[in-house]
There are 2 protein chains.
Amino acid sequence: MLEKINLKRKLTKADYKAVMADLEPKIAELQRRARKEGVPLAIVFEGWDAAGKGTLINNLILALDPRGSKVHPISAPTPEEELRPWLWRFWIRTPAKGRIAVFDRSWYGRVLVERGKGNCDGEDLLRSYAEINSFEQQLADSGTVLVKFLLHIDKKEQKKRFEKLLSNPSTAWKVGPDDKRRHRHYRSYLKAYDEMLEKTGTEWAPWTIVEAHDKRFATVKVFTSVIEALERQLNAKAQPQLHHPSPVHLPQGPVQLSPSILKDVDLSAKISRPEYDSASKKLQKRILELEHEVFLKRIPVVIVYEGWDAAGKGGNIKRLVRGMDPRGYEVVPFAAPTNEEKLHHYLWRFWRVFPKAGHITIFDRSWYGRVLVERVEGFCSEEEWSRAYREINETEQQWVDFGAVVIKFWLHIDKEEQLRRFEARQQTPHKQWKITDEDWRNREKWDVYRQAVEEMLLKTSTTYAPWTIIEANSKLFGRIKAMKTVRDRLEEVL
Amino acid sequence: MLEKINLKRKLTKADYKAVMADLEPKIAELQRRARKEGVPLAIVFEGWDAAGKGTLINNLILALDPRGSKVHPISAPTPEEELRPWLWRFWIRTPAKGRIAVFDRSWYGRVLVERGKGNCDGEDLLRSYAEINSFEQQLADSGTVLVKFLLHIDKKEQKKRFEKLLSNPSTAWKVGPDDKRRHRHYRSYLKAYDEMLEKTGTEWAPWTIVEAHDKRFATVKVFTSVIEALERQLNAKAQPQLHHPSPVHLPQGPVQLSPSILKDVDLSAKISRPEYDSASKKLQKRILELEHEVFLKRIPVVIVYEGWDAAGKGGNIKRLVRGMDPRGYEVVPFAAPTNEEKLHHYLWRFWRVFPKAGHITIFDRSWYGRVLVERVEGFCSEEEWSRAYREINETEQQWVDFGAVVIKFWLHIDKEEQLRRFEARQQTPHKQWKITDEDWRNREKWDVYRQAVEEMLLKTSTTYAPWTIIEANSKLFGRIKAMKTVRDRLEEVL
């Protein structure tokens, strides 16, 4: 999902100065509080070569009291360190109560650098992920706050920065053969980063992706994330009677900091009616063939439809299944849970209708309701939806390990298009049933929903079950894209 | 560790009746409370063939309101079930809020029966354990109470029961070829059970081992465990402001229910001085050789000494290292943590002195203080020591995966022997420093410590890092046994 993140975020100098004037004293004050309350803080900086780790760490450190913080630069293990279990050198550097340890690169070198060198793969890699999660959970359970930054730049930006460094004799040494090799293999490292995010992005030690093209934006994001994490823990400590830490309300800055995937989606994509007619006929025929192959090979297929109200889920599904053999697929719509369903775990009703091997189940809305409507409407607690990302990933991983194909669609339209469709529904007598007061109420919360959607896409788009965003302002375009995606994913596995 | 558990626990009929007269109404009342508060309860029965699952489940069910409970007999998956991910048939049977699901065999068939048939090994087995833990954690996190029973009988008892069943034509059918085969391979199943306990004994879904030779004892233990687990959850629900559920105080029955490993330890074991002299000389010589081999092969060795006060740890260690090369080993004594150490995670000070590859570190007291002195004296919370078993197992697993050998000694003496040694210390001027008021205070808590020791042995004696109990009433015997154990374990890996 990393490559889909909008990296064009930036801040003007004036905005930057204004925000930092708030953030710098705030972080210093929180450091004092953390020291007083004995809260240890570990900050991890990972990311691409030349992404600007040095500058960011420096900006952060300068705002802190140097007597309470320490930077640990991590490179290849020394011979002395190599004689110990690989986590040893990190364990001995874990921060004491009230102190801050900043790791300039970290234990993630194991699943990035070492993996890239071919020193960590297969079972060893799986075990390393498990060891990292266990290490971080042990620290978090004992009260350590963990903040993990992944500094993200794209290949072009990295190239530009390398060239700049190389053009100056006094910095040229910074770009070594290893850096160049990693640059050449940018795509395979991207995959490693994606996998790292999905395997180690836990509720006790979440990752923060920092869009690092613009250093001002990146600095603000780093400061804000540290402040948020510290405040959360200090508030939880101050009010232990609350089961869930109260949400943190940051001063509204001039910038939206959370990563955006939707921002780059081109909603102007469209297709003509004749193109649509001919393409859809071919695709429907092919999908029928694939449905039969899937049956013969006993592969269960899960197709998830999520999207904005009026994004056209129903119509899209109808076209997808139009040519299919009804004995091989099922469309299951999900709305609010029934009373019986409410008595069970939120995943239960979806497990129940998991397709038999060889069959296709199309979920019209799904378990993602947990991190969308249930989150936004407060039908579950923050603790519950926060851990749901991990739970959902674990569950989909189990399905894929069983041999299932999991295809997930987010049908995306913009706010104006939704308005047009709502109004059209209201003016068309036979469509009026489709629009309710609830739809209008949801619409008012567009921005809150959007934030939930972004977080969902970011945290649950895994290598084994990626999201596909369907540009659905044009219904025809959206239908073709969904059909093509189903065709391609099925052809891949067959 | 299963084979070390004392199975000779029994109850007289009179005691049984008296206890059950308390427990039966209590469990029925808790079922009503759980229903009212919407707490789901899942009870798992696993164990040896002919261990008496049927009778126990029946006893339990008869005490419950049948409208709120359901027994799920689990055998091989049906063709319909085989078309779904293997956990599917358990997910759809998870209990609704306020209801009780009793599983007569369960998802553990995967790592027992299927494994025994060769259908689940290697990476598949590791993944199955992870899937089980994830499944149980998801249920527990959403408020389901999980109680898991392992019904344990020894091979001789199983044989006796099979013979009795076979001798009666109306029950002979109950012993099939599969049962007979599993009986023949009792030892390999024992290992599978041990591994299952260590991989899936978590703080959110702990195992209860039921000594099942005596049905009365087993029934009482099953009832008590269900009552305890339900009460704990209901109390936590009633007082959400408490971070930790308050401990449950059961009415003092006539029986000690927690499993005993120490009870079977034969403390009369001894050895004569001439035997000791000749054996120790040979062993010390051999251990020196092994120390050098360990160095050449770069194997790190961790040796842990824990035991009662005055059990003779110091003297035992002295004899172990007497013949060794001081450049290759180190003895590190641990007492209460220093002020600096207190600022860190409890495992930190032990990680720091982890031996370099090729070296041996002998820990005179260790991280097990967390579940012994810190637990008993209240230096950490119940939540903290409860999860420490898993944390310690994870840590030792990492060390072993790195290539380390982990040898753990519990030096065991009885209360009378301790008294003799305390008194001897007080009467011998040059030994008086060895005995303090604290020793006497600890001694008063003997039974509480003993319970903590039993739980520690049970939960942290893993296939990769087993405990060895040293019968230390005879110091000479204990020293020889420790040396022999070190020799054997090192010879195994070299």
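Contact here means heavy atoms within 4.5 Å. Keep that cut-off in mind on this tour of a predicted model.

**Stop 1: H11 and H20, chain A**

Select residues 273-296 of chain A, helix H11, and residues 475-493 of chain A, helix H20. Their axes come within 9 Å and cross at roughly 30°. Angles under 35 degrees count as roughly parallel, so H11(A) is roughly parallel to H20(A). Turn the view to look through the pair: H11(A) passes H20(A) in a left-handed crossing.

Now show side chains. On the H11(A) side, pick Arg273(A), Tyr276(A), Ala279(A), Ser280(A), Leu283(A), Gln284(A), Arg286(A), Ile287(A), Leu290(A) and Val294(A). They meet Leu476(A), Arg479(A), Ile480(A), Met483(A), Lys484(A), Arg487(A), Leu490(A) and Glu491(A) in H20(A). Colour the contact of H11(A) with H20(A) by class: 10 residues are nonpolar, 2 polar and 6 charged.

**Stop 2: H6 and H9, chain A**

Go to helix H6, residues 122-141 of chain A. The crossing of H6(A) and H9(A) is right-handed.

From H6(A), the contact takes Leu125(A), Leu126(A), Tyr129(A), Ile132(A), Asn133(A) and Glu136(A). From H9(A), it takes Ala192(A), Glu195(A), Met196(A), Lys199(A) and Thr200(A). By class, the contact of H6(A) with H9(A) has 6 nonpolar, 2 polar and 3 charged residues.

**Stop 3: two residues of H6, chain A**

Stay on H6 and centre on Asn133(A). Is Asn133(A) buried or exposed? Buried means under 20% relative accessible area, and Asn133(A) has 16%, so it counts as buried. Leaving out residues up to four places away in sequence, Asn133(A) touches Lys199(A), Thr200(A), Thr202(A) and Trp204(A). For a distance check, draw a line from the C-alpha atom of Asn133(A) to that of Ser461(A). The two residues are 328 residues apart along the chain, and the atoms are separated by 19 Å.

Next, select Gln137(A), also placed in H6 of chain A. Gln137(A) counts as buried at 15% relative accessibility. Which residues does Gln137(A) touch, not counting those up to four places away in sequence? They are Trp204(A) and Arg390(B). Arg390(B) takes the tour into chain B.

**Stop 4: the two chains together**

Two copies of a chain are related by a rotation about an axis and a shift along it.

**Stop 5: H16 and H19, chain B**

Select residues 382-402 of chain B, helix H16, and residues 446-460 of chain B, helix H19. The two pack at an angle of about 40°, with their axes 10 Å apart. That makes H16(B) oblique to H19(B). H16(B) and H19(B) form a right-handed crossing.

Show Trp385(B), Tyr389(B), Ile392(B), Asn393(B) and Glu396(B) of H16(B), the residues that make the contact from that helix. Glu455(B), Met456(B), Lys459(B) and Thr460(B) make it from H19(B). The class count for the contact of H16(B) with H19(B) is 4 nonpolar, 2 polar and 3 charged residues.

**Stop 6: Trp308, chain B**

Jump to the loop between strand S6 (301-307) and helix H12 (313-321) of chain B, and pick Trp308(B). Trp308(B) counts as buried, at 6% relative accessibility. Beyond four places in sequence, its contacts are Lys313(B), Trp410(B), Leu411(B), His412(B), Ile413(B), Gln418(B), Trp446(B), Tyr449(B) and Arg450(B). Ala472(B) lies 164 residues from Trp308(B) along the chain, with their C-alpha atoms separated by 9.7 Å.

**Stop 7: two positive phi angles**

Which loop holds Ala50(A)? Look between strand S1 (41-47) and helix H2 (53-62) of chain A. Ala50(A) is not a glycine, but has a positive phi of about 70°. Its relative accessible area is 27%, so Ala50(A) is partly exposed.

Finish in chain B, in the loop between strand S3 (100-104) and helix H5 (113-116), at Arg105(B). Phi of Arg105(B) is near 70°, a positive value in a residue other than glycine.

Note on methods: Residues are numbered from 1 along each chain as its sequence is written. Chains are lettered from A and ligands numbered from 1 in the order in which they are written. This is a predicted model: local features need pLDDT of at least 70, side-chain atom pairs count only at pLDDT 80 or more; totals for chains, interfaces and linings use all residues. Side-chain values use heavy atoms; hydrogens and water are left out. Axes are lines fitted to C-alpha atoms, for helices over the stretch in contact, and angles run from 0 to 180 degrees between N-to-C directions. Helices (H or I, at least four residues) and strands (E, at least two) are DSSP runs, numbered from the N terminus. Angles under 35 degrees count as roughly parallel, over 145 as roughly antiparallel, 65 to 115 as roughly perpendicular and the rest as oblique. A crossing is left-handed if the near helix is turned anticlockwise from the far one by less than a right angle, and right-handed if clockwise. Ala, Val, Leu, Ile, Met, Phe, Trp, Tyr, Cys and Pro count as nonpolar, Asp, Glu, Lys and Arg as charged, and the others, Gly among them, as polar. Buried means under 20% relative accessible area, exposed over 50%, partly exposed in between (1.4 Å probe, protein chains only).
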